[in-house]
Amino acid sequence: MKDIAIYGAGGFGKEIALMIQRINTAGGDWNFIGFFDDGKEKGFQVSHLGKVLGNIDTLNTWPSKLAVGIAVGNTEYLKHIREGINNVNIWFPNLLDPSVNIIDPESFRIGEGNIIQQNCRFSIDVTVGNFNIMNSDTVVGHDVKIGDYNVIMPDIRISGEVSIGTHCLIGVGSIILQQIKIGTGVRLAAGSVLLTKPKDNSVYMGNPAKLFKY
């Protein structure tokens with residue numbers, strides 16, 4: 001079995017620990033050893049799932065091979081944590097719930113460090129980059145390209161030929177219509193319907209989604 005830990009001992013981290021259990025039930029071979037977190041003391045008990053083993057400094061001195069899933073729902077912090085891990089013993093698997101439906105595995109492309117939760121569905125010719133968080137019940141259409149360090153919340157619909165760049169947050173229950181190109185740092189509020197190309201580093205909300213100035 002391969003040792004694995006989760007960086008992030010909050011609610012999302014607990015969800016991913018349970019997902020690892022489901023992966024093992026479906027035939028996986030992970031040995032879950034616990035959590036790392038900079039905000040909780042070493043030895044802190046995380047529900048019934050395991051203990052905090054230390055912080056990022058502990059992780060950077062870990063003496064043996066260890067897979068790590070970064071369970072962080074903030075796009076910038078996700079990148080910050082990844083770039084702060086410099087131990088050559090640490091590697092970053094893709095963690096996909098057994099219920100994930102990849103309709104055409106032959107054309108599906110994926111990088112490293114992605115976490116994809118229950119009941120997500122991917123169509124044909126989909127590309128997913130690195131360190132994306134995809135929450136449950138998200139549907140991704142044909143020819144979609146997703147970059148790096150994006151957080152996609154539950155119950156999202158991404159239509160065909162959409163591209164999503166980096167550091168974007170797609171809010172719960174949102175819809176992105178076909179062929180829209182999303183760049184960097186876009187925040188789409190919950191329940192929004194995006195009909196046009198958004199500006200980088202901006203917030204959009206509503207149906208149809210409009211630029212929100214604050």
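A: We begin with a definition: a polar contact is a pair of N or O atoms within 3.5 Å, and within protein one must be able to donate a hydrogen and the other to accept it. The model before us is predicted.

Q: What caps the N-terminal end of α3?

A: Asn 74 caps that end of α3, with a side-chain oxygen 3.0 Å from the backbone nitrogen of Glu 76.

Q: Which residues of α3 are buried, and how do they lie as seen down the axis of α3?

A: The general idea is that an α-helix has 3.6 residues a turn, so residues three or four places apart point the same way. In α3, the buried residues are Thr 75, Leu 78 and Ile 81. Seen down the axis of α3, these buried residues fall within an arc of 125°, so they line one face of the helix. His 80 and Glu 83, on the other side of α3, are exposed.

Q: How is a nonpolar core to be read, and which members of the largest nonpolar core touch the most other members?

A: Such a core is a set of buried residues of nonpolar kinds, Tyr and Trp included, joined through side-chain atoms within 4.5 Å. The largest one here has 38 residues, of which Tyr 7, Ile 16, Ile 70 and Leu 95 touch the most other members. Several elements each supply at least two residues of this core, among them β1 (2-7), β2 (30-36), β5 (66-70) and α3 (75-84). The largest share, six residues, comes from α1.

Q: Which residues does Tyr 7 touch, not counting residues up to four places away in sequence?

A: With those sequence neighbours not counted, the residues that Tyr 7 touches include Phe 36, Ile 56, Leu 59, Val 68, Ile 70, Tyr 77 and Ile 81. A second, separate core of 26 residues includes Met 134, Val 144, Ile 158 and Val 162.

Q: What is the order of the strands in the open sheet of five strands?

A: The order is β9-β12-β15-β18-β21, with parallel pairing. β9 (109-110) and β21 (181-184) stand at the edges with a single partner strand each, so one side of each is left without a neighbour in the sheet. β9 pairs with β12 (residues 127-128) over two bridges in the parallel sense, and Ile 110 stands opposite Val 128 in β12.

Q: How many aromatic pairs does a search of the whole structure find?

A: The search finds six. To classify a pair, one considers the angle between the ring planes: under 30 degrees counts as stacked, over 60 as edge-to-face and the rest as tilted. The rings of Trp 30 and Trp 91 have their planes at 35° and their centres 5.8 Å apart, so the pair is tilted. This pair links distant parts of the chain, Trp 30 in strand β2 and Trp 91 in strand β6 (residues 90-91), 61 residues apart. Trp 30 counts as buried at 9% relative accessibility, whereas Trp 91 is partly exposed, with a relative accessible area of 33%.

Q: Which aromatic pair is stacked, with 10° between the planes?

A: That pair is Phe 131 and Tyr 149, at 5.7 Å centre to centre. Phe 131 lies in the loop between β12 and β13, and Tyr 149 in the loop between β15 (145-146) and β16 (151-152), so the pair ties together parts that are 18 residues apart in sequence. Phe 131 counts as buried at 3% relative accessibility, and Tyr 149 is buried with a relative accessible area of 12%. Ring pairs link Phe 92, Phe 131 and Tyr 149 into a cluster.

Note on methods
Residues are numbered from 1 along each chain as its sequence is written. This is a predicted model: local features need pLDDT of at least 70, side-chain atom pairs count only at pLDDT 80 or more; totals for chains, interfaces and linings use all residues. Side-chain values use heavy atoms; hydrogens and water are left out. Buried means under 20% relative accessible area, exposed over 50%, partly exposed in between (1.4 Å probe, protein chains only). Helices (H or I, at least four residues) and strands (E, at least two) are DSSP runs, numbered from the N terminus. Contact means heavy atoms within 4.5 Å. Two strands pair if DSSP finds at least two bridges between them. The arc is that of the directions from the helix axis to the C-beta atoms. Rings of Phe, Tyr and Trp (its six-membered ring) pair if their centres lie within 6.5 Å; planes under 30 degrees apart count as stacked, over 60 as edge-to-face and the rest as tilted.
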